[in-house]
Amino acid sequence: MRHRVLYQISRFHSLLAASSERSSVWDIFASIALVRPPIIAPPMNDIEKRYSDFMLQRELEDSLRCDFELRQLRDERLLKERERLKMAGEEANLQEEIGILASVDEENWRRQADRIRKELAIGDLTKFSKADSRSLQRKIDEFLVLIVCQKFGRKDGYHSPWHLPQLRNLPGESLKQTSERCLKELFTTEVHGKGISNAPFSVYFYSYPAQLRQRLKTQSRGAAVFFFKALYPNRVPPMVNKDEVADYKWVSAEEFAAIMIHKTSYLRAVSTLFPSYLLTKNSLEYAKETESQKNRSKIEVQVQSC
């Protein structure tokens, strides 16, 4: 991960040096990935599940039997003995009394547990999660990240597509200071992002369209966005600055990948944001699908030309 960021930064400096010869520069932005960690333990993945099953099986094999398990073995032995004596017509010679079987108690306990689980909604996350995408009480077993539609100071009703909050770097300001200023300017309540590092975890480049350069009256070739990560441990969602943010929502890794599916390079840049393979998987699948569509289009054009 560290080598990847260093490579991207060195690549940026190389591009910057090359573009300076053509009187072309890059606009520098700092973006903050505000992540809400899971409120409850997230579900185990395949590797964790296999390891858990292995450890449980090992513990079962290495442990001593409890009183209930000994009772189950006793019941099994007495039932077999009674069946043998019954076949021989000597059922009255059974020396021990069976009483209430352990299996009967186990079944009663299981029914009682199912009733309690249903009454208290144990395991049913829909009882505790909210459907509102602006709420922090949704998908409580997953990581959520804040995405916004920013106005960037415009008053004509424009807002950007969905992306992580970002602001332009000011002269004399470090990238970390820009990311901290992003939290201050985009929210009306004070947001303490826990764990903002001194270095970005990734960088993303994109070029300005010609029309945008004309409207902005800039000679910049494009923008370089440096990503920082911060945790938001609070349960109360922050209040956004409506003058700067047109809309916002908290999304999971899968939802983030679905929203950004047309931005393959953006997805790859933040693929390490979530502790999951979803972003990389979805972006690669979309890239493969796009490539296959292009190939089909080329074949159709060739067929039509023939």
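A nonpolar core is a set of buried Ala, Val, Leu, Ile, Met, Phe, Trp, Tyr and Cys residues joined through side-chain atoms within 4.5 Å. With that in mind, let us walk through this structure, which is a predicted model.

The protein chain holds nine helices and six strands. Of its 306 residues, 31% are buried. Among contacts with a separation of 6 or more, 67% come from residues 24 or more positions apart. The chain exposes about 20300 Å², and carbon and sulfur atoms supply 54% of that area.

Now to the interior. In soluble globular proteins, nonpolar side chains tend to be buried together. Here the largest nonpolar core has 26 residues, and Ile32, Leu34, Leu146, Leu183, Phe187, Tyr248 and Trp250 have the most contacts inside it. Two or more residues of this core come from each of β1 (26-36), β2 (144-150), α5 (175-185), β4 (202-207), β5 (222-231) and β6 (245-251).

Next come the aromatic rings. A pair of aromatic rings is described by the distance of the centres and the angle of the planes. A search of the whole structure finds eight such pairs. In one of them, the ring centres of Tyr204 and Tyr266 are 5.0 Å apart and the planes stand at 80 degrees; an angle over 60 counts as edge-to-face, so this pair is edge-to-face. The pair links distant parts of the chain, since Tyr204 sits in strand β4 and Tyr266 in helix α8 (residues 264-269), 62 residues apart. Both Tyr204 and Tyr266 are buried.

Tyr266 also pairs edge-to-face with Phe227, at 5.6 Å centre to centre and 85 degrees between the planes. This pair too links distant parts of the chain: Phe227 belongs to strand β5 and Tyr266 to helix α8, 39 residues apart. Phe227 counts as buried because its relative accessibility is 0%, and Tyr266 counts as buried because its value is 4%. Phe201, Tyr204, Tyr206, Tyr208, Phe227 and Tyr266 form one aromatic cluster.

Two lysines lie over aromatic faces. Lys263 is over the face of Tyr266, at 5.7 Å from the ring centre. Lys249 is over the face of Trp162, at 4.7 Å from the ring centre.

Finally, let us visit two loops. Ser220 is in the loop between α6 (210-216) and β5. With a relative accessibility of 4%, Ser220 counts as buried. The side chains of Ser220 and Asp27 are joined by a polar contact of 2.9 Å.

The other stop is Lys139, in the loop between α4 (102-119) and β2. Most residues other than glycine have a negative phi. Lys139 is not a glycine, yet its phi is positive, at about 45 degrees. Lys139 has a relative accessible area of 27%, so the residue is partly exposed.

Key. Residues numbered from 1 in each chain as written. Predicted model: local features only at pLDDT ≥ 70, side-chain atom pairs only at ≥ 80, totals over all residues. Heavy atoms only, no water. Buried < 20%, exposed > 50% of the residue type's maximum accessible area, 1.4 Å probe, protein only. Helix = DSSP H or I, 4+ residues; strand = E, 2+ residues; numbered from the N terminus. Phe/Tyr/Trp six-rings, centres within 6.5 Å; stacked < 30°, edge-to-face > 60°. Lys NZ or Arg CZ within 6 Å of the ring centre and 35° of its normal. Polar contact = N/O pair within 3.5 Å; in protein donor to acceptor, adjacent residues only side chain to side chain. Contact = heavy atoms within 4.5 Å. Areas by Shrake-Rupley, 256 points an atom, 1.4 Å probe, with all protein chains shown as cover.
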